[in-house]
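User: Could you take one part of this model and walk me through it slowly? I'd like to know what it pairs with and what packs around it.

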Amino acid sequence: MSHFTLTPYTVPVFDLLHRPGEMREKSIDVTAAEDFGNAVIGVRTGTEIEIEARLESLHDGILVSGSVDTEATGECVRCLIEVRIPVEVEFQELFAYSFDEAFDYTVQDDHVDLEPVVRDAVVLSLPFQPVCQEDCLGLCPICGVRLLDNPGHEHDAPVDPRWAALAGLEGLTEASTPHVDVAEASPHADAEEEKR
């Protein structure tokens with residue numbers, strides 16, 4: 001009984017086994033059964049994935065070359081809105097006939113499983129820090145509004161907390177402050193005047 005689990009990504013290759021030089025092409029359309037990507041962006045469950053593969057028989061295994069076409073969704077790391085990024089990536093991997101540390105994959109029960117190859121190719125192609133557009137300005141650090149939606153957005157310069165207590169003194173002027181004649185207020189004013 002076979003221990004190999006067939007998935008939508010598995011391709012039978014019994015007609016290519018040990019026939020060096022034989023080649024055929026295969027188109028595969030699958031739906032992602034689970035998310036794969038990084039913490040910020042990835043291919044989500046239910047997303048359609050198109051795979052075009054070319055399988056070539058070699059002396060030591062089956063060489064699979066192909067391309068993946070799908071879409072990744074996530075959020076812009078600057079302004080946090082949703083982003084959708086088309087993913088078009090190529091891959092090439094040798095599935096060895098027998099286990100060998102030099103190769104990561106092997107032919108199992110006359111099949112090759114492309115899922116881990118496709119997953120690795122897609123994940124490695126995803127941007128580490130996706131943005132909605134290259135010149136995204138992000139969010140206002142004060143109120144959180146998206147700056148691209150409000151190009152003229154600005155705030156008054158923040159008041160240094162060390163000067164905040166003086167902010168209430170702005171209204172005080174000479175008119176509201178009692179005028180004091182220094183000469184009259186000084187007890188020595190008359191004596192100073194006599195010396196002159």
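**A close look at strand S5**

Let's start with the pairing: strand S2 (residues 23-31) lines up with S5 in the antiparallel sense, over 9 bridges. Strands pair here if DSSP finds at least two bridges between them. One bridge to look for puts Val30 together with its S5 partner, Ile49.

Before going on, a word on the ground rules: this is a predicted model, so local features need pLDDT of at least 70, side-chain atom pairs count only at pLDDT 80 or more, and totals for chains, interfaces and linings use all residues. Residues are numbered from 1 along each chain as its sequence is written, and side-chain values use heavy atoms, with hydrogens and water left out.

How far can you trust this bit? pLDDT is the predictor's confidence in each residue, from 0 to 100. Among the elements of the protein, S5 has the highest mean, 97, while helix H2 (residues 182-185) has the lowest, 52. The protein as a whole has a mean of 83, with 78% of its residues at 70 or more.

On its other pairing, S5 goes with strand S6 (residues 61-75), again antiparallel, over 8 bridges. Here Glu56 stands opposite Leu63 of S6, and a hairpin of 3 residues joins S5 to S6.

Now for the faces. In a regular strand the side chains alternate between the two faces of the sheet. S5 spans residues 48-57, and its covered face carries Ile49, Ile51, Ala53, Leu55 and Ser57. The uncovered face has Glu48, Glu50, Glu52, Arg54 and Glu56.

Two residues of that covered face turn up again in the packing. A nonpolar core is a set of buried Ala, Val, Leu, Ile, Met, Phe, Trp, Tyr and Cys residues joined through side-chain atoms within 4.5 Å. Buried means under 20% relative accessible area, exposed over 50%, and partly exposed in between (1.4 Å probe, protein chains only). The largest such core has 38 residues, and Ile49 and Leu55 are among those with the most contacts inside it, along with Val64, Val112 and Leu114. S2, S4, S5, S6, strand S7 (82-96) and H1 each supply at least two of its residues, with the largest share, 5 residues, coming from S7. Contact here means heavy atoms within 4.5 Å.

Thr47 lies in the loop between strand S4 (41-43) and S5. Thr47 counts as buried because its relative accessible area is 18%. Its side chain reaches the backbone oxygen of Arg44 at 2.7 Å. That is a polar contact: a pair of N or O atoms within 3.5 Å where, within protein, one must be able to donate a hydrogen and the other to accept it, and residues adjacent in sequence count only if both atoms are side-chain atoms. Beyond neighbours within four places in sequence, Thr47 is in contact with Val30, Thr31, Ala32, Thr70 and Glu71.

Thr70 deserves a stop of its own. You'll find Thr70 in S6, and at a relative accessible area of 7% this residue is buried too. Not counting residues up to four places away in sequence, Thr70 touches Val43, Thr47, Glu48 and Ile49, plus Ile85, Pro86 and Val87.

Finally, the wider setting. The protein has 3 helices and 9 strands, in the order β-β-β-β-β-β-β-β-β-α-α-α along the sequence. Of its 196 residues, 30% count as buried. Among contacts between residues at least 6 apart in sequence, 56% join residues at least 24 apart.

Notes: Helix = DSSP H or I, 4+ residues; strand = E, 2+ residues; numbered from the N terminus.
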